[in-house]
Amino acid sequence: MRIVALAGGIGGARFLRGLKDVVAPGDEITVIGNTGDDIHLFGLKVCPDLDTVMYTLGGGIHEDQGWGRAEESYAVKDELAAYGVGPSWFGLGDKDFATHIVRTQMLGAGYPLSAVTEALCDRWQPGVRLLPMSDDRVETHVRITDADGTRAVHFQEYWVKLHAAVDAEAIIPVGADTAKPAPGVLEAIAAADVILFPPSNPVVSIGTILAVPGIRQAVASAPAPVVGLSPIIGGAPVRGMADKVLAAVGVEATAEAVALHYGCDLIDGWLVDEADAASVDAVTAGGIRCLAVPLLMTDPAATAAMARAALELAEQVRA
Ligand code: GDP
Ligand code: CA
């Protein structure tokens with residue numbers, strides 16, 4: 001079976017680990033990763049979501065934090081700070097720096113991001129084929145108004161530095177309109193037996209991937225069933241501030257509203273948490289097959305059960 005998943009960072013990566021636990025030997029998983037969170041820091045190209053997927057599936061992730069490397073040190077960051085060189089709000093550890101150095105060096109030598117990602121995965125052996133959504137530069141910006149006036153800031157500045165404490169007025173995936181899907185992306189979607197939307201951020205992770213011209217259309221017209229899992233439980237994100245970016249696109253932070261935001265043109269099935277069982281009827285009325293199951297990735301067994309439920313729902317849709 002060929003499974004394609006669109007993924008952001010932590011929510012996507014953790015779900016993919018559960019998915020790997022339940023697929024049969026010989027099944028192929030292709031992950032299309034969000035690169036709208038990418039940022040240039042200290043002259044280096046940093047791809048937070050691709051790296052979170054790669055480290056999580058490759059066994060190098062800092063488990064409690066959910067991003068960055070395990071057993072990390074921060075000597076380089078401290079030295080940069082001693083020179084007064086920022087930003088200081090973005091956590092880059094020494095081991096992580098090496099990844100960004102290799103990536104930047106290869107990009108500078110002319111390799112596209114997809115080839116660089118493949119080379120990095122050669123070391124980590126994530127057990128999936130990890131493709132960036134695009135080789136072209138896309139950067140999500142957020143329009144805010146604060147004491148400094150109305151301005152657009154890089155998504156990382158909004159999320160990590162400002163902790164999404166001010167309202168997001170608009171989400172702009174800069175460069176997405178002219179980006180091309182990376183080699184293999186459209187082909188994987190067209191050839192998939194199942195397409196999954198993990199419980200990733202619907203706006204700045206999955207939404208950004210879908211904003212690359214051709215990808216939304218490919219998913220919508222793919223013969224495979226498309227099944228998503230809600231990142232919102234009981235009216236709030238399980239982790240992070242997804243409610244802030246949902247508000248910016250006029251979507252309520254509920255499992256039901258996110259499903260209807262994707263819509264029946266795009267997804268065929270949707271899993272909500274048992275806490276949101278009351279929303280199953282409304283999602284179903286929207287033309288999307290919906291089930292309530294436990295959706296908290298508390299441990300590997302619970303996460304694997306979510307992946308199994310998603311694959312089973314895909315089979316029901318197909319039948
Ligand atoms: P990011 O790029 O690191 O923000 O990661 P993603 O976009 O892949 O995922 C972020 C989303 O994962 C957030 O909106 C969370 O609500 C969601 N999430 C995190 N842990 C869980 C969980 O255990 N269950 C569910 N259903 N969603 C989760
Ligand atoms: Ca992200």
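This is a predicted model: local features need pLDDT of at least 70, side-chain atom pairs count only at pLDDT 80 or more; totals for chains, interfaces and linings use all residues.
Residues are numbered from 1 along each chain as its sequence is written, chains are lettered from A and ligands numbered from 1 in the order in which they are written, and side-chain values use heavy atoms, with hydrogens and water left out.

Leaving aside neighbours within four places in sequence, threonine 30 is in contact with Ile3, Val4, Ala5, Arg129, Leu131 and Ala188, where contact means heavy atoms within 4.5 Å. One of these, valine 4, has threonine 30 as its bridge partner in β2. Strand β1 (residues 2-7) pairs with β2 in the parallel sense over six bridges; two strands pair if DSSP finds at least two bridges between them.

Both strands belong to an open sheet of seven strands with parallel pairing, in the order β5-β2-β1-β9-β10-β13-β14. At its edges stand β5 (129-132) and β14 (289-292), each with a single partner strand, so one side of each has no neighbour in the sheet. On average, neighbouring strands of this sheet are turned by 20° against each other, direction ignored. Axes here are lines fitted to C-alpha atoms, for helices over the stretch in contact, and angles run from 0 to 180 degrees between N-to-C directions.

Two helices can be followed onto this sheet. Helix α2 packs on the sheet and touches β2 and β5, with its direction at about 175° to that of β5. Helix α11 (residues 255-262) also packs on the sheet, touching β9 (194-197) and β13 (269-272), and its direction makes about 165° with that of β13.

**The calcium ion**

Which residues coordinate the calcium ion (ligand 2)? Asp37 (OD), Asp49 (OD) and Asp49 (OD) do, at 2.0 to 2.5 Å. The pair links distant parts of the chain, twelve residues apart: aspartate 37 is in the loop between β2 (28-33) and β3 (39-41), and aspartate 49 is in helix α2 (residues 48-58). Donors are N, O and S atoms within 2.8 Å of the metal (3.2 Å for Na, K and Ca), and water is not among the atoms, so sites may look incomplete. Aspartate 37 and aspartate 49 are both buried.

**The antiparallel sheet**

Another open sheet has three strands in the order β7-β6-β8, with antiparallel pairing. Its edge strands, β7 (149-154) and β8 (170-174), each pair on one side only. From one strand to the next, the twist averages 30°. Strand β6 (residues 139-146) pairs with β7 in the antiparallel sense over six bridges, and valine 142 stands opposite valine 153 in β7.

**Aromatic rings**

Rings of Phe, Tyr and Trp (its six-membered ring) pair if their centres lie within 6.5 Å; planes under 30 degrees apart count as stacked, over 60 as edge-to-face and the rest as tilted. By this rule there are six aromatic pairs, including the two tabulated here.

| Pair | Centre to centre | Angle between planes | Type |
|---|---|---|---|
| Tryptophan 89 and phenylalanine 90 | 6.1 Å | 80° | edge-to-face |
| Tyrosine 262 and tryptophan 270 | 5.8 Å | 65° | edge-to-face |

Tryptophan 89 is partly exposed at 25% relative accessible area, whereas phenylalanine 90 is buried at 10%. Tyrosine 262 is buried, at 7%, and tryptophan 270 is buried too, at 0%. Ring pairs link Phe197, Tyr262 and Trp270 into a cluster.

**Two further residues**

Proline 237 sits in strand β12 (residues 236-237) and is buried, with a relative accessible area of 17%. Leaving aside neighbours within four places in sequence, proline 237 is in contact with Pro231, Ile232, Ala242 and Asp243.

Aspartate 299 lies in the loop between β14 and α13 (300-318) and is partly exposed, at 36% relative accessibility. In sequence, aspartate 299 and glycine 18 are 281 residues apart, yet in space they are 9.1 Å apart, C-alpha to C-alpha.

Key:
Buried means under 20% relative accessible area, exposed over 50%, partly exposed in between (1.4 Å probe, protein chains only). Helices (H or I, at least four residues) and strands (E, at least two) are DSSP runs, numbered from the N terminus.
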